[in-house]
Amino acid sequence: MCETWNSSDNDNEMFSALLEDSAEDLYENAPCGYLSTLLDGKIAKVNGTLLRWLGYARADLVGRRRFSDLLSVGGKLYHETHLSPLLRMQGEVRGVALEVVAADGTRMPVLVNCTVKTTEDGEPLLIRTTVFDARDRRAYEQELLRARQKAEGERDEIRRLAITLQRTLLPPVLPDVPGMEIAAHYHHASPFEVGGDFYDVFPLADGRWGLFLGDVCGKGAGAAAVTSLTRYTLRSAAVYDPDPTAVLTNLNTVLNQERDDGPLRFCTVTFGVLEVEADGCTLTLAAGGHPPGLLLRADGTVEYVETPGGQLIGILPDARVVTTTVRLSGGDTFALYSDGVVEARTGDTRYSEEALLEFAGTIAPTSAAGVVEAFVGLLARLGEGVEDDTAVLALGVPQSPHRDL
Amino acid sequence: MEEWAAGYHCHPSETGWGMDALSRNNVVVVGHHDGPVVVLAHGFGCDQNMWRLVVPALAEKCRVVLFDHVGAGQSDLSSWDAQRYSTLDGYASDVLDLSRELDLRDAVFVGHSVSAMIGVLAVAADPTRFGRLVLVTPSPRYVDDGDYRGGFSAADIDELLDSLESNYLGWSATMAPVIMGNPDRPELGTELTNSFCRTDPEVARVFARTTFLSDNRADLARVTVPTLILECAHDVIAPPEVGAYVHAHIPGSTRVTLDATGHCPQLSAPEATAEAILRFVLDQR
């Protein structure tokens, strides 16, 4: 213990010998500018470092200039509207960035700290200010700013790419199907990522129509590639054999063949063949793991069109596909959608198929456009709770159909 | 802040109103209940704390109404809108909103710096609310124009705006939730009490532009109420010739020059400022 104290004493002596600086030298040649000003801003004392930085003689400043006289005009305004009031209100200000103007007009970015020295009874006497050279820091900040602007520019570019790519995965316009009304909507959960939802409606050779709506797992470029493959496979498979089960089986085969070492790529999808008749239409649907379609009858009743047991497409070599048939008459509307809406967060729980059915009950009966409009409103209400993209495709038989058949 | 404790914040829960001007503008009322009503409006830069040194003296004789302009202090930042607050009329209509909700008649409006012109616009729009105006270090136009000397060139103001745009006035994104009253991070609230002059750079930029590029010279003649002009002997933002201009263009106005330095006499010379305001408010009644 004794030895430690002795050693410390020795250190102190050694330091004292080394540190020959007087208090005056410590002030004058401090590694920062230092000045004292009266409460009205007049410079009362300034150290050599600041004088050297600014190229002024002491006599130019002391008693003649105010601190704010040394600042750029922007700095003067800031001094009057921010720094000076803050000093009066809280007695000190730290880390204020300003620019001081040297005698030759050049500017120097600085960081300034100020404290108010008071009398024993708290009356303010003068202001002490330290001035730190902030040239390197300012240059670095400019670099950060530039980097941020670059990042923002790239973000905009990514958004543009995502929107363009998404557009190629959806039909630019839906075809005009005589005797039917068709409407669709695509809700983007994020403007920066391509979602994996897709839909289409297209004519088949025999006067019937093919349609599908599905959801590829995942997001981004990888999902977009699978979505593109899925969409074109569905359309070309339907050319050879439009039977819904055959189409989905073909898709399953293609997706299984495409599997490489990358992440598992699969989708849920409902494929349908639409046959328009004199007094309505018949829909033959095949589904692989996709949420049930929503049927809104002309009498205001609503129900799900279930295809239970259909398996995800693209995982198993022989996925089970389940088919069903729906008959629509005047005033009936049928809607396919992806699970973004039923999976949306509402507080601690998720919006559900039950909630969606109840919601459909409040809007039925309605047209295809009415269903899509209601979905748009619902998605807006669910807001940020909708974490995934959502597609909706609605087909309706008008009440007093105009027939071209 | 002790002086404030005697007053009350006008919150919707107390008044039964919705998001009204009183909570939007963080209105605080202190002082003598039967005294004349004095509304204190802060300028560009800080918030209602700017008045803290004159409030005790004023509150002895007057009912003092303090508020924060939208975008400043504890105002409701979500009410801020770049379009509405790109003219001083937006601020003036806020002043009239809160004067209606407080049912003020014949009150005294004390406006500091840019708020002086906000007061001019408010009395011009509705002369029934304010019977007197006190303009503290006012300027109807900061930029020189022909023979008119506002004290700044257009380039000077551009420099200020550039300074604000290069974001050097010290703001951290973490301040936004604090000012907006983020309940999840109450610990940040204590930081704010030392930051009366901290403003979102976007808000500061718009307010600076609105302030320093406005031209209200033609509005001065629309003032028909008794007006006191309070200026400092040494003020780089509102120099004496600007005070003289305002005095010459508001019919029947009184001009008092305080032996003070800077743009904020309510802080640099609080006794003299409070005394001048009180004399004007009380003597002629």
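This is a predicted model: local features need pLDDT of at least 70, side-chain atom pairs count only at pLDDT 80 or more; totals for chains, interfaces and linings use all residues.
Where in chain B is B:Asn26 found?

## Two backbone details to spot

B:Asn26 is found in the loop between helix 3 (21-24) and strand 2 (28-31) of chain B. Its phi is positive, about 50 degrees, although B:Asn26 is not a glycine. Here is the background: most residues other than glycine have a negative phi, and most peptide bonds are trans.

A cis peptide bond links A:Ala364 to A:Pro365, with omega at about -5 degrees. To locate A:Pro365, look in the loop between helix 9 (353-363) and helix 10 (368-382) of chain A.

## Where the chains meet

Now turn to the place where the chains touch. On one side, 19 residues of chain A are in contact with 27 residues of chain B. Between chain A and chain B, about 2,200 Å² of area is buried, and carbon and sulfur atoms give 67% of it. In chain A, the residues that lose the most area to chain B are A:Leu77, A:Glu80 and A:Met89, which together make up 29% of what that side buries.

What kinds of polar link join the two chains? The count of salt bridges between chain A and chain B is zero, while the count of residue pairs in polar contact is two, both at pLDDT 80 or more. Helix 5 (73-90) and strand 3 (92-101) of chain A each supply at least two residues of the side that touches chain B. Helix 5 gives the most to that side, with 13 residues. Sorted by class, the side of chain A that touches chain B has eight nonpolar, six polar and five charged residues.

## A pocket lined by both chains

Rolling a probe the size of a water molecule over the atoms shows where empty space is left. The second largest pocket holds about 430 Å³ of space. Its lining has 19 residues, and the closest to its centre are A:Arg88, A:Gly122, A:Pro124, B:Leu53 and B:Leu267.

Several elements give two or more residues to this lining: helix 5, strand 4 (107-118) and strand 5 (124-133) of chain A, together with helix 12 (265-268) and helix 13 (270-283) of chain B.

## Enclosed spaces

How many cavities of 30 Å³ or more are there? The count comes to three. The largest cavity has a volume of about 80 Å³. It is lined by 14 residues, and the closest to its centre are B:Gly45, B:Gly71, B:Ala72, B:Thr199 and B:Phe207.

Helix 10 (residues 201-212) of chain B provides the largest share of the lining of the largest cavity, three residues. By class, the lining of the largest cavity has eight nonpolar, six polar and no charged residues.

Notes:
Residues are numbered from 1 along each chain as its sequence is written. Chains are lettered from A and ligands numbered from 1 in the order in which they are written. Side-chain values use heavy atoms; hydrogens and water are left out. Contact means heavy atoms within 4.5 Å. Buried area is the accessible area (1.4 Å probe) that two parts lose on being put together, summed over both. A salt bridge is a side-chain nitrogen of Lys or Arg within 4 Å of a carboxyl oxygen of Asp or Glu. A polar contact is a pair of N or O atoms within 3.5 Å; within protein, one must be able to donate a hydrogen and the other to accept it, and residues adjacent in sequence count only if both atoms are side-chain atoms. Helices (H or I, at least four residues) and strands (E, at least two) are DSSP runs, numbered from the N terminus. Ala, Val, Leu, Ile, Met, Phe, Trp, Tyr, Cys and Pro count as nonpolar, Asp, Glu, Lys and Arg as charged, and the others, Gly among them, as polar. On a 1 Å grid over the protein atoms alone, a cavity is a set of points where a 1.4 Å probe fits but cannot get out, and a pocket is an open set with protein on both sides within 12 Å along at least five of seven lines; lining residues have an atom within 4 Å of a point. Grid points are joined across faces, edges and corners, and a volume is the space filled by probe spheres set on the points.
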